[in-house]
Structure formats: C-alpha cells, structure tokens
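Here are a few friendly notes to keep beside you as you turn the model around on your screen. I have kept them in the order in which I would look at things.

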Amino acid sequence: MERNSYLPEGALLHTEANENAISSISALSNAMEQNLILESPVVLCDAAHNLVVQVGEFQGVIPHTETAIGIDCGTTREIAVISRVGKPVAFHITDISPDGVLTLSRKSAQEEALNFFLHTLHPGDVIPAKVTHLEPFGVFVDIGCGNIALIGIENLSVSRISHPKDRLRVGQEIFAVVRQVDQTLHRITLSQRELLGTWAENAAKFEVGQTVRGIVRGIEDYGVFIELAPNLSGLAEKRDGLEVGDAVSVFIKNITEEKMKIKLIVIDVFGKDQGAQLTQNDYFITRGHLDLWEYSPPVCDKKKIYTVFE
C-alpha cells in the first residue's frame, strides 16, 4: 500500500474514487468486501456519542467504541468525537443492513493507517499533515485517517515564536518531517523547521539596502529580533513602543554570512500582524527524505545548527 493511501481526513472526500465507492449499495458492498477506506461528513453525534455519517445518499453509524483509537479505554477524550460533527471522517464499512443502513468503523481505518506508519515511516521522511489544534507547547496534526502527531513549538522554525498561532492555523494543510517513530508507544513525532530552508537559502531572498516587511518576535536588552522569513531573523536596535507581534518595515543595513547575522533598522510600525501564517511558498522541501539538515552556512564561525535524522 502506498503512503498516499493514508492521508489526513478530508483529503479523500471529493476524490473520484471515493465518490464512486459511495454511489450505490452495490458500490458500497464492493468497498466493504475490499475493506476500502472511505470518507464522508459527520452530521450528528447522538447522546451516546455514536457518530451519524452521511455516506452519499445513505446513512451510516459509527458506534461510540469505533469512533477513534483509545476511545474505549479513555486515552482519547470525548471531545475528539464530539468535534468531528460537520467534518469528514475516514472509515471502513463493517456491515450493510437489508434496509441500507451502514455500520462503520473509524477506529479500524485508523489502526490500519497507524500500523502502516509505524512500520514504514523513518526519521527524515517528509509527509503531508493537517493542523487539528494548537497549544502553547506545539501543534497537533493529522498525518492520516485521524491519527495525531505532535510538532513541538521548538521544531516549528529556527526563528523564535511565542505561540504556534504565530505560524499556523487549525485546518491548515502543511508538510512535516518525521523526527521519531516509537513503535512501543505507537507515537510519531514530527518537525517542520528543516523544510523551511537554511540560513543561506532564506538570506538569498534579501539584499543590503532593501526595506522589507518583518514581524517582531522577541525583545531583549540588546535589541529586537525581527522575523524576515519563517527560518530567518535579523536584529534591530531597541525602539520605544515596539511589542512582540508587531508588523514593521525594516531597512537591511548589513548581512554577515560568517556570523549568520542580519542588522536591521526599524523604519515604521504597523501594529499587530494579521497575516503571518506559513504559506506553501515558505517550504523549500515538500517530499522525499532527509538524513542530515544543516541550517548554518559552511563558513559560519558560530555554533552550528543542524539536525541528524536517525
């Protein structure tokens, strides 16, 4: 089975294969026999926390114990079930009644995908993911069929950020790189900073003498850190009235590759930034595998920043 057979929930919903598989009772019966993973939207979570799913012209029910891995033993919270209303879910069809009511299992689809991930993913593999929720310590993402992995805030970028909301939003489709696969705990941890370019790749977008847009990411006694790109910051002198999160325009005074330093002068302040989310254009890598990632330029005489995937 190819890895792209297990995508974040929502990716299959409007595909031709999915729509054909739910088009009739005979098509649904064939999908059940082949144990295909399908997707449809949840329209109701009843009082017993069973999920009612609209499968084309037919209605399906996911019994509470089949709504997610860990729901029957309490390791998955009920909010993970309730919050699926109005959203697509992945599932297997486990039964079709004579009157056309479907019994479904999301847990079964998740288990199949998770087993595949645990036995085929390796540190350094680049995969697609979808943001499910944000916490101060990191981002939870769906890597396939509702299986959740964590990107710690320290692994979102080299440039400092105070909260994941500075970089991402819920529902956003992103790319991530596998940091660790723990088959004992059934846990996969991810990173993102290695996909957002090295210092040299990001610095190549800028020239001394330019005035560009930036975002204040940190204020210290010795200066103000201004983010120019998701993996690149420069340092400006302190200025009264600046706050973390402010959008600013800055003059690029100097770029020193050996020290990975960019000296800036704040020209103007525009208040809190409203559009700092990561975009597809910010990625330098979106597929493949990494063994080693070196952020620092070869000529850099500072402490090297790098990641070894093993």
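This is a predicted model: local features need pLDDT of at least 70, side-chain atom pairs count only at pLDDT 80 or more; totals for chains, interfaces and linings use all residues.

1. Helix α2, residues 25–34, lies across β1 (38–45), β2 (51–55), β3, β4 (88–96) and β5. Relative to β4, helix α2 runs at about 95°.

2. Now for the strands themselves. They form a closed barrel of 5 strands in the order β1-β2-β3-β5-β4, and the pairing is mixed. On average, neighbouring strands of this sheet are turned by 50° against each other, direction ignored.

3. Strand β3 (residues 58–62) pairs with strand β5 (residues 102–105) in the parallel sense, over 2 bridges. Within this pair, Gly60 stands opposite Leu102 in β5.

4. Which residues touch the most other members of the largest nonpolar core? They are Val141, Ile143, Leu190, Ile226, Leu228 and Leu232, out of 59 residues in that core. Helix α4 supplies the largest share, 6 residues. Apart from this core lies another one, of 21 residues, among them Cys45, Val55, Phe91 and Leu102.

5. Setting aside neighbours within four places in sequence, Leu190 is in contact with residues including Ile127, Val141, Ile143, Ala149, Leu150 and Ile151. Its contacts also include Asn155, Val177 and Arg179.

Definitions and conventions
Residues are numbered from 1 along each chain as its sequence is written. Side-chain values use heavy atoms; hydrogens and water are left out. Two strands pair if DSSP finds at least two bridges between them. Helices (H or I, at least four residues) and strands (E, at least two) are DSSP runs, numbered from the N terminus. Axes are lines fitted to C-alpha atoms, for helices over the stretch in contact, and angles run from 0 to 180 degrees between N-to-C directions. Contact means heavy atoms within 4.5 Å. A nonpolar core is a set of buried Ala, Val, Leu, Ile, Met, Phe, Trp, Tyr and Cys residues joined through side-chain atoms within 4.5 Å. Buried means under 20% relative accessible area, exposed over 50%, partly exposed in between (1.4 Å probe, protein chains only).
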